[in-house]
Amino acid sequence: MTETAIGALSPASERVRERLSPAFPDGRSSVADLDLPTIETDPAAWPGLARFLRDDPEMRFDLFLDLGGVDNLRRPGKRSRFEAVFHLYSTSRNEHLRAKVYLDSEKPEIPSVIDVWPAANWFERELFDMFGVNVTGHPNLRRILCHQGFVGHALRKDYPAGQRWMCTEEDLYVPELARRAAEEADHYETVVVNLGPSHPATHGTLRIVARLDGEKIVEAESEIGYLHRCFEKMSETHTWNQVIPYTDRLNYCSSFINNVAYCRTVERMLGIEVPERGQLVRTILSEFSRIMDHCVCIGANLVDTGALTNFWYLFQCREEIYSLIEACCGARLTVSYGRVGGLSRDVPPDFVERCRSLLRSIPPFLADVDKLIKRNRIVWDRFRGVGVVTKEQALAWGFTGPCLRASGVGYDVRKARPYDFYDRFDWEVPVHRDGDNYARYLVRMAEMRQSLSIIRQALEIFPASGPVSANDWHVVLPPKNNVYHDMESLIYHFKWVMEGIPVPEGERYEWVEGGNGELGFYVLSTGGGSPYRNRVRPPCFPLMAAFEKIIIGSRISDAVATLGTLNIIAGELDR
Amino acid sequence: MPASVVDITDREPRKIPFGVRLYLPEIVRGMAVTLGHFLKNIVHMSRLPTILYPEQKRNYSERFRGKHILKSREDGTLKCVACYMCAQACPADCIEIVAGEHPKIAYEKYPVVFNIDMLRCVMCGFCVDACPKDAIWMSRNYELSFFGRHESVFDITALAEKPNQGVKDGYGYRPYYPGDGTIPPADASVALVVPGDGGRKELREQGRLHEPEAVASRTRNA
């Protein structure tokens with residue numbers, strides 16, 4: 001055992017190392033202490049290590065969160081050009097872990113870990129699509145976000161950001177099941193149905209090809225990427241703050257949460273803290289955004305199943321919340337309100353008043369929806385026992401957020417690792433054991449009420465005045481009055497706009513509870529004014545990956561209802 | 001006060017209750033809800049959540065980010081000095097400026113061309129935040145439709161504020177507002193703020209500064 005660097009590890013990393021070294025004495029895997037305990041290894045050792053990480057009683061990293069690649073072409077001095085970076089979570093021990101697999105620089109290859117974590121399936125396809133990493137043993141290794149006519153691998157550093165490729169009709173992907181069904185058409189009575197990419201029930205541009213036996217789905221395959229704009233590549237060509245409008249467009253139903261998640265990551269890299277008032281504004285508006293997200297999810301879902309009235313009730317809440325957010329930042333949907341270090345500007349003077357009036361006006365609407373839906377025979381018949389995801393399946397498929405909680409796992413980031421002020425509030429994490437569509441509905445309704453309760457408590461401790469942004473002019477813009485009249489301030493201002501924020505070299509994974517699960521940003525900086533790599537962990541990516549498995553055996557109309565309760569947001573799914 | 005995990009499974013009956021199975025009581029209950037809303041809307045017609053859009057308009061706040069306005073000086077020339085800060089700050093890369101030398105010495109530079117491509121613009125307001133001369137604001141005008149791509153690029157004539165004509169729908173997102181503590185550039189009497197260093201010294205003394213980690217500072221083989 002050799003020591004490659006001096007200094008003690010943090011207790012968490014030390015625990016990982018102590019457990020790891022007797023099991024893998026070959027010295028190919030090492031533990032580094034970054035913001036998270038990080039295991040560094042090579043591809044040959046990875047499958048065994050992965051199994052160990054999942055099964056070892058003192059590890060138990062049962063939830064596969066994220067897999068993102070890194071191209072070190074412009075970051076000299078690294079072990080190899082390509083890295084595959086895994087983020088894992090242990091629900092029993094409430095710990096995050098990062099595993100870095102260094103891949104060959106010329107012919108990057110990594111063994112698939114689908115048999116360890118089924119959730120890795122789509123993530124590995126994305127790694128292949130974006131970096132050209134050959135994932136050996138993957139059953140369906142083809143492009144996922146880019147279309148079939150795409151040439152090259154977009155997130156490689158030598159790929160020009162402005163390059164585009166046309167997708168012609170010949171490039172359109174026809175799933176194997178559709179081709180096979182066409183051959184068997186005469187002697188096997190199944191029908192292939194294509195849902196999407198433009199279909200009112202898909203709530204976004206995604207495509208589902210299903211083979212039906214009567215009305216039952218026998219096989220299904222989903223195809224995504226229609227809204228892909230390579231947010232991650234675009235981040236690399238923009239300054240740290242310019243990425244914020246891009247994050248708005250990830251989960252556009254709760255865009256403020258994306259702002260907060262991204263800004264928090266950069267703030268932690270800078271080592272700055274947002275003032276209390278700014279944190280509380282973030283908390284309050286995040287919770288309002290969560291309510292909107294759930295309103296859209298439930299409202300649209302009920303429209304799909306024929307209950308239009310609830311849509312109006314829920315969307316009225318949403319409209320009123322939008323008015324509040326618009327009064328704060330000037331836009332309703334794509335808010336761009338967060339800034340690294342705080343917020344773009346202070347909240348309006350009547351902020352608390354308006355929040356309180358919303359707290360009064362939202363609950364009656366929720367009560368009305370509950371009256372119409374909760375004990376509705378049709379809803380019971382359509383939702384109960386439909387789209388069932390067991391606890392084991394939910395964990396294996398990498399679910400987070402309301403869908404995981406509806407399957408009986410009480411993992412909520414706000415509770416597991418309280419950020420901002422969540423540990424000071426008295427609130428509950430609702431959990432349901434059934435895992436069906438009805439459970440997901442109930443969990444979301446309960447969560448909206450909890451969000452209201454959090455907002456109520458946050459307003460009680462909300463300071464009447466004070467800064468909302470950190471007082472560090474390398475990071476936030478100086479007050480306008482200074483810029484107009486003072487040369488030094490103008491220089492700060494100029495540097496902020498022209499060069500961006502000087503974020504120190506390093507990497508960080510920060511995660512918050514988004515509208516539909518754990519929203520994480522894995523950000524790498526080389527010390528410049530823009531990110532070297534900005535990886536987002538999209539919560540609905542694993543949900544959509546599991547969708548084609550959940551709907552097997554159910555009816556096509558139930559598949560539409562299930563798609564609604566999973567809450568797929570195409571902007572975040574396709575990035 | 002940590003949050004608690006609460007199992008809500010048993011709050012609803014496992015089996016379909018008799019009253020629910022009958023349909024009728026639930027239908028009556030549902031009708032009562034919708035009828036209640038109907039009557040409430042009839043009584044309070046003025047508080048209807050919907051509006052008749054082209055005739056009526058939603059009242060947006062003073063921070064609304066709509067179409068841009070190029071502000072003018074009192075003599076009618078543009079305040080813009082063509083410093084390219086807004087073009088640099090723009091995440092969508094939609095601002096095009098060509099600078100020229102102004103005949104009046106005091107103004108030095110002015111924009112010969114100032115184009116905003118409205119098909120690219122994402123209405124984020126970064127240009128307003130970036131302007132050091134208070135030259136670009138946004139209005140509350142959100143009706144920016146046009147018939148072809150050739151009309152999508154708004155030039156100085158379309159963007160500049162016409163003196164004494166007012167702005168369609170009023171001013172929106174801008175650096176300062178009357179009465180909320182923000183100060184217009186004309187007021188040079190207000191004391192300046194001391195540049196902030198993020199309070200690093202105090203934080204470090206209190207042990208609350210999160211020093212950013214260096215990459216792979218501490219590595220040990222397993």
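Before the first picture, hello everyone, one definition: a helix axis here is a line fitted to the C-alpha atoms over the stretch in contact, and the angle between two axes runs from 0 to 180 degrees between N-to-C directions. Please also keep in mind that this is a predicted model.

The crossing of α8(A) with α9(A) is left-handed.

Which residues of α8(A) and α9(A) meet? From α8(A) we have, among them, A:Leu285, A:Phe288, A:Ile291 and A:Met292, and from α9(A) the list includes A:Leu308, A:Phe311, A:Leu314 and A:Arg318. Sorted by class, this contact has 18 nonpolar, 2 polar and 1 charged residues.

Staying in chain A, let's turn to a sheet. It is an open sheet of 3 strands, ordered β8-β9-β10, with antiparallel pairing. At the edges sit β8(A), residues 191-195, and β10(A), residues 216-223, each of which pairs on one side only. On average, neighbouring strands of this sheet are turned by 20° against each other, direction ignored. If you want one pairing to look at, take β9(A), residues 207-213, and β10(A): they run antiparallel and are joined by 7 bridges. A:Val209, for instance, has A:Glu221 in β10(A) as its bridge partner.

Now over to chain B. What does its secondary structure come to? It has 6 helices and 7 strands. Reading from the N terminus, the elements go β-α-α-β-α-β-β-α-β-β-α-α-β. Chain B has 222 residues, and buried ones make up 22% of them. There is also a figure for contacts across the sequence: of the contacts in chain B between residues at least 6 apart, 73% join residues at least 24 apart.

Let's look at some strands of chain B. Strand β3(B), residues 95-101, pairs with β4(B), residues 109-117, in the antiparallel sense over 7 bridges. Within that pairing, B:Val98 stands opposite B:Val113 in β4(B). Strand β4(B) is also joined by 2 bridges to β6(B), residues 153-154, and these two run antiparallel. Here B:Asp117 has B:Val153 in β6(B) as its bridge partner.

One residue of chain B deserves a stop on our tour: B:Asn59. You will find B:Asn59 in the loop between α2(B) and β2(B), the latter being residues 68-70. Is B:Asn59 buried or exposed? B:Asn59 counts as exposed, because it has 9 C-beta neighbours inside 10 Å, and the cut-off for exposed is 12 or fewer. B:Asn59 and B:Arg140 are 81 residues apart in sequence, while their C-alpha atoms are 9.4 Å apart in space.

That leaves the place where the two chains touch. How many residues does the contact take from each chain? There are 88 from chain A and 68 from chain B. On the side of chain B, at least two residues each come from β1 (4-7), α1 (18-21), α2 (24-43), α3 (85-89), α4 (126-130) and β7 (219-221). The element of chain B that gives the most is α2(B), with 5 residues. By class, this side of chain B has 37 nonpolar, 16 polar and 15 charged residues.

Let's follow α2(B) across to chain A. Its axis and that of α10(A), residues 351-373, come within 9 Å and cross at roughly 150°. That makes α10(A) roughly antiparallel to α2(B), and the crossing is left-handed. Here A:Asp368, A:Lys371 and A:Leu372 meet B:Arg29, B:Gly30 and B:Val33.

Strand β13(A), residues 428-431, and β1(B) pair in the parallel sense over 4 bridges. In that pairing, A:Pro430 stands opposite B:Val6.

Methods: Residues numbered from 1 in each chain as written. Chains lettered and ligands numbered in written order. Predicted model: local features only at pLDDT ≥ 70, side-chain atom pairs only at ≥ 80, totals over all residues. Contact = placed C-beta atoms within 7 Å. Nonpolar A, V, L, I, M, F, W, Y, C, P; charged D, E, K, R; others polar. Pairing = 2+ DSSP bridges. Buried ≥ 20, exposed ≤ 12 C-beta atoms within 10 Å, placed from the backbone. Parallel < 35°, antiparallel > 145°, perpendicular 65-115°, else oblique. Left-handed = near helix turned anticlockwise from the far one by under 90°.
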